[in-house]
Amino acid sequence: MTVGAESGNSDGRRPVVRVGAPTERRNPLSADLDLMPTRDVLRVINEADRRVPDAVAAVLDEIATTVEIAVRALRGGQRVHYFGAGTSGRLAVLDAAELAPTFNSPEHWFCAHIAGGPSAMWRAVEDAEDDEAAGSVEAKDCVQAGDLVIGLAASGRTPYVLGALRTARALGADTALLCANPDAAAADAVDVFIGVDTGAEVVTGSTRMKAATAQKLVLNAFSTAVMVRLGRVYSNLMIDVVATNAKLRGRMISILLEATDCTEEAARQALSDADGDLKTALVALVSGADVADARSALARSADQVRGALALLTS
């Protein structure tokens with residue numbers, strides 16, 4: 001059977017695909033893994049994992065381009081969509097789910113779609129990733145011109161993901177593909193191709209390992225950089241915190257102390273005056289303005305702390 005090709009069978013068996021991506025190759029460094037002592041198994045896995053950040057570093061330019069496209073889309077009132085299957089889809093859901101509690105971002109900004117629907121988060125949904133039409137239909141139902149659609153597929157050839165990307169591009173959305181196959185044929189079918197060269201897995205074909213680690217690192221970096229560019233970080237401080245528990249209420253005070261060198265009493269008072277809004281309290285403390293003026297300056301500067309400070313101190 002041709003590697004990477006799909007074939008039907010006359011005896012009624014389901015179609016079979018043999019993928020030729022680097023993630024499917026056998027890793028000579030982990031040969032006889034099952035015969036090793038546990039400590040050596042862990043050492044081999046750890047040594048393999050240590051190569052992943054370097055592979056991600058090699059595609060930072062492509063990630064940066066994707067960040068700028070996402071920022072442009074979100075500033076224009078559009079959305080960022082993730083489409084993935086299996087582990088890739090679960091990582092996409094995880095990244096999107098963490099942004100609202102971390103950065104207080106609107107929940108509609110990042111939308112994650114996983115082959116097989118929500119139940120696929122907990123168990124494999126048979127043949128869902130092979131359903132190109134399902135990806136296309138889902139994209140058609142939710143993607144608009146000007147959105148950014150990012151496909152995640154370890155091999156770079158998952159039909160559900162490619163179907164979504166093709167339809168999204170036809171609708172006028174920008175598209176990107178994140179995979180662990182630098183030679184993926186779909187590279188030319190998207191606006192930005194992020195092919196992370198993670199190589200053969202420790203356990204052959206188990207793309208929940210290095211390939212997934214690379215996707216997690218890329219998604220963390222991508223979405224965090226988007227939030228930085230959108231003003232949801234001041235210096236290196238997380239300033240769009242919503243205090244939903246005691247730890248976060250304490251964190252808000254700590255952030256004000258770090259950013260302003262004020263007393264804890266002053267930080268607590270500023271937060272109280274600002275009705276718990278950390279950004280407003282921060283701008284008021286740094287600029288010396290009252291809360292009303294700080295809130296007005298933020299509104300006039302697209303909720304950007306540095307922009308608001310420039311207005312108040314010019």
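This chat looks at one strand and the cavities of a predicted model.

User: Let's start with strand S5. Is it mostly covered or mostly open?
Analyst: Mostly covered. S5 spans residues 148-152, and five of its five residues are buried.

User: Which residues sit on which side?
Analyst: Leu148, Ile150 and Leu152 are on one side. Val149 and Gly151 are on the other. Both faces are covered.

User: Which strands does S5 pair with?
Analyst: One is S3, residues 80-84, which pairs with S5 in the parallel sense over five bridges. Another is S6, residues 174-179, also parallel to S5 and joined to S5 by five bridges.

User: What are some bridge partners?
Analyst: Val80 has Leu148 in S5 as its partner. Val149 has Thr175 in S6.

User: How does the chain get from S5 to S6?
Analyst: Through helix H6, residues 159-170. This β-α-β crossover is right-handed.

User: What lines the largest one?
Analyst: Its lining includes Ile150, Ala176, Leu178 and Phe222. Helix H3 (60-75), S6 and helix H7 (210-229) each give two or more residues. H7 gives the most, with three.

User: What classes are those lining residues?
Analyst: Eight are nonpolar, one is polar and none is charged.

User: And the second largest cavity?
Analyst: Leu162, Leu165, Arg166, Ala186, Ala189 and Val190 line it. Five are nonpolar, none is polar and one is charged.

Technical notes:
Residues are numbered from 1 along each chain as its sequence is written. This is a predicted model: local features need pLDDT of at least 70, side-chain atom pairs count only at pLDDT 80 or more; totals for chains, interfaces and linings use all residues. Side-chain values use heavy atoms; hydrogens and water are left out. Buried means under 20% relative accessible area, exposed over 50%, partly exposed in between (1.4 Å probe, protein chains only). Helices (H or I, at least four residues) and strands (E, at least two) are DSSP runs, numbered from the N terminus. Two strands pair if DSSP finds at least two bridges between them. A crossover is right-handed if, with the strands pointing away from the viewer, the path from the first strand over the helix to the second runs clockwise. On a 1 Å grid over the protein atoms alone, a cavity is a set of points where a 1.4 Å probe fits but cannot get out, and a pocket is an open set with protein on both sides within 12 Å along at least five of seven lines; lining residues have an atom within 4 Å of a point. Ala, Val, Leu, Ile, Met, Phe, Trp, Tyr, Cys and Pro count as nonpolar, Asp, Glu, Lys and Arg as charged, and the others, Gly among them, as polar.
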